Amino acid sequence: MNEKTIEIVHNNIEESYTFEKVARQASGAVLYRQGKAVLLATVAIDETPVEEDFLPLTVQYIEKSYAAAKIPGGFIKRETKPGDFETLTSRIIDRSLRPLFPQGFSYPIAIAVTVLSSDREVDMQVAALHAASAALFVSDTPVSQSIAAVRIGKAGDTLILNPGNTELEEGTLDLFVVGSGKDILMIEMRTLASEVPDGVIRSAITEMPLILEYHECNELAEEALLEAIALAQKAIAEASTNYAEAFKAVQREPLVLNLAAETADTALYSYIEAHFRERVEEAVRSMAKSERSIALKKVRQAILDAKAEEGEILEKETVSKVLEAYKRGVVRALVLDQHIRADGRALDEVRPITIETNLLPSVHGSCLFTRGQTQALVTATLGESRDAQSYELITDKESRYEHFMVHYNFPGYAVGEASFIGAPGRRELGHGNLAKRALMPTVDIRHEGTIRLVSEILESNGSSSMATVCGGALALKAAGVETQKLVSGIAMGLVMEGDSYAILSDIMGLEDHDGDMDFKITGTRDGITAMQMDIKLGGIDLALLSEALKQAKEGRLHILSLMEDAAEKIKPSGALPNVEFFHIDPSKIVDIIGKAGSTIREIIEKFDVTIDLDRDAGGVKVAGEDKEKVDAAKEHITSIASAPVKRQMQYTIGETYHGKVKKIVDFGIFVEMPDGFDALLHISKVRQERVNNLHELYNEGDEIAVIVLEQKGKKVELATEEYYL
């Protein structure tokens with residue numbers, strides 16, 4: 001066994017890579033360790049290429065329950081469907097590694113990263129990506145480039161390189177950057193909202209200091225984002241170089257694989273240019289209106305027919321490949337040489353936008369957001385705290401609850417395809433997650449219950465995730481959710497040949513497919529809340545990224561202005577529940593509940609409402625069908641909460657006090673004392689002689705003179721003056 005372990009320490013993390021110990025029949029494998037986390041990454045390749053012109057890469061990130069000393073919950077006691085975190089992490093690995101494969105590589109390849117042991121303070125996405133990259137680098141595949149990932153957090157004004165999970169959650173920034181050398185390949189970014197003290201006041205009821213908090217969005221300015229990316233870029237350049245040097249000694253000899261020719265048939269290319277240039281340009285303009293390529297298929301058939309008449313029979317796949325290459329050249333030349341786009345827009349022009357809110361009468365909030373040929377119908381549904389989605393992370397001991405959900409659906413009919421509508425795939429989960437990250441900093445859901453946004457993509461020609469963000473922000477407003485600010489989103493593109501480049505605002509599907517960058521950015525008027533970027537080139541320069549951010553801001557603010565106009569015209573939905581949310585002193589929650597829940601049950605029955613209480617923060621949520629009853633219930637609760645706090649007196653033993661008979665029971669009398677608290681006068685302390693029936697001596701409400709015999713905490717023992725006679 002040629003087992004070899006390599007220890008690497010950099011960027012605030014300590015890693016261990018063990019090669020040739022496990023999974024030795026795979027094309028490449030590594031046992032990765034960081035802290036208590038242990039991951040196995042493997043690479044397997046099928047040496048029979050697929051006929052289609054694409055990279056058949058499959059990436060799976062798999063968490064095993066035993067890695068956290070757990071047994072899977074539910075009826076089936078084994079791992080089954082991957083969780084959202086597993087799916088999203090698989091996407092991150094795929095998007096990061098896919099650019100490393102050479103052009104023309106069409107061999108099926110599977111990369112699996114399995115978590116064997118977990119550590120709650122280890123960033124599993126960084127660990128998984130490093131493990132996968134190492135396994136791919138040392139494998140017998142034709143990949144000779146190593147990548148590195150870093151996560152940047154922020155505490156106050158200080159940027160933190162690869163923070164621990166706890167440190168990250170307590171900060172205001174989550175920036176995940178992947179690159180190789182000086183090239184940035186992928187970026188995921190979001191800001192993290194926080195609760196900030198809004199001053200200290202003294203309660204008039206309890207005289208106790210109360211710290212009131214407000215929700216802060218924490219957007220990031222473009223300049224601050226570039227600063228954070230620059231820090232990540234420097235760390236990545238050093239780390240990826242170290243990885244490549246360290247792993248060379250265990251790198252396997254690459255397989256001899258035939259790569260599909262990158263250049264198409266030049267003679268056929270020239271034939272298309274000479275005879276079908278105008279038809280292709282017309283098809284391109286048609287494709288600008290839809291993601292379908294029906295017009296291009298007609299051109300392909302015309303080429304096949306023309307060649308057949310000339311006595312040359314061509315394969316449909318050959319013509320498709322050459323025609324696709326020519327079409328790509330046409331699209332890029334229009335942009336770079338003439339600075340016009342397939343649909344005639346300027347490079348920085350946003351497609352026409354129309355907005356309609358609360359068009360669904362039985363929905364809490366809805367928005368139909370249409371931008372060009374992309375259309376999203378987004379709905380908002382308000383629920384109780386119990387409606388939250390429970391989930392588990394392998395690094396957690398207990399379940400978490402998701403009180404703000406964004407679900408994205410992309411049916412085939414949105415692009416004219418006749419396909420079955422099934423469970424959401426990786427793309428849908430990824431787009432929904434991006435929209436959630438964009439909107440979440442503006443939504444204060446500490447006490448309001450649960451919010452679910454659902455985006456139904458009805459039509460798509462690029463950037464449906466950004467339509468989801470815009471429609472989602474307005475759907476929240478339409479549902480009466482108190483968001484701090486509106487959030488808009490825009491998808492940017494890039495076409496680059498040598499030193500010539502063009503940045504495109506609000507890209508459509510055609511420009512996404514034939515361009516070199518997919519760059520989605522969201523934010524408010526005050527800054528960025530989320531970003532996602534994939535580079536199809538070798539990388540992107542920071543100066544170019546800065547220019548793209550500036551152009552994106554102009555488009556984002558243009559969209560925001562239209563959204564703000566629409567927000568002012570929102571008419572509340574008739575389906576909205578009547579809800580009142582307010583705070584009382586947390587010490588008064590027990591009074592609202594009452595003994596064994598008697599008070600709160602009485603309020604619920606009397607006013608026909610539902611009540612949710614937050615014991616720690618003093619939050620009260622009252623909801624019901626009748627607004628007048630909801631208001632009355634709120635007034636009743638606040639009256640209970642505003643009652644003065646009773647403080648028990650310290651009585652002098654042996655002294656006489658005057659009270660009132662509160663309740664007569666078989667074993668004695670409960671006497672309301674001067675401080676308002678009840679004390680017990682036992683039947684044996686009423687007379688020296690035996691008393692059989694207290695009702696013959698006293699009535700409820702009678703004034704009574706009593707002597708305090710003993711006081712222990714809240715327990716006060718009484719006797720009458722007659723007892724001592």
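This report describes a strand sheet and some helix packing in a predicted model.

## Basis of the description

Residues are numbered from 1 along each chain as its sequence is written. In this predicted model local features need pLDDT of at least 70 and side-chain atom pairs count only at pLDDT 80 or more, while totals for chains, interfaces and linings use all residues, and side-chain values use heavy atoms, with hydrogens and water left out.

## The sheet

Six strands, in the order E1-E2-E3-E4-E6-E5, form an open sheet with mixed pairing; strands (E, at least two residues) and helices (H or I, at least four) are DSSP runs numbered from the N terminus, and two strands pair if DSSP finds at least two bridges between them. Because strand E1 (4-10) and strand E5 (57-63) each have a single partner strand, they stand at the edges, and one side of each is left without a neighbour in the sheet. From one strand to the next, the twist averages 15°.

Within the sheet, strand E3 (residues 28-34) and strand E4 (residues 37-45) run antiparallel and are joined by 7 bridges, and Ala29 stands opposite Thr42 in E4.

## Helices

Helix H1 (residues 84-97) lies across E5 and strand E6 (109-117), running at about 140° to E5; angles run from 0 to 180 degrees between N-to-C directions, and axes are lines fitted to C-alpha atoms, for helices over the stretch in contact.

The axes of helix H5 (residues 266-275) and helix H7 (residues 294-309) come within 12 Å and cross at roughly 105°. Leu268, Tyr271 and Ile272 in H5 meet Ile303, Ala306 and Lys307 in H7, where contact means heavy atoms within 4.5 Å.
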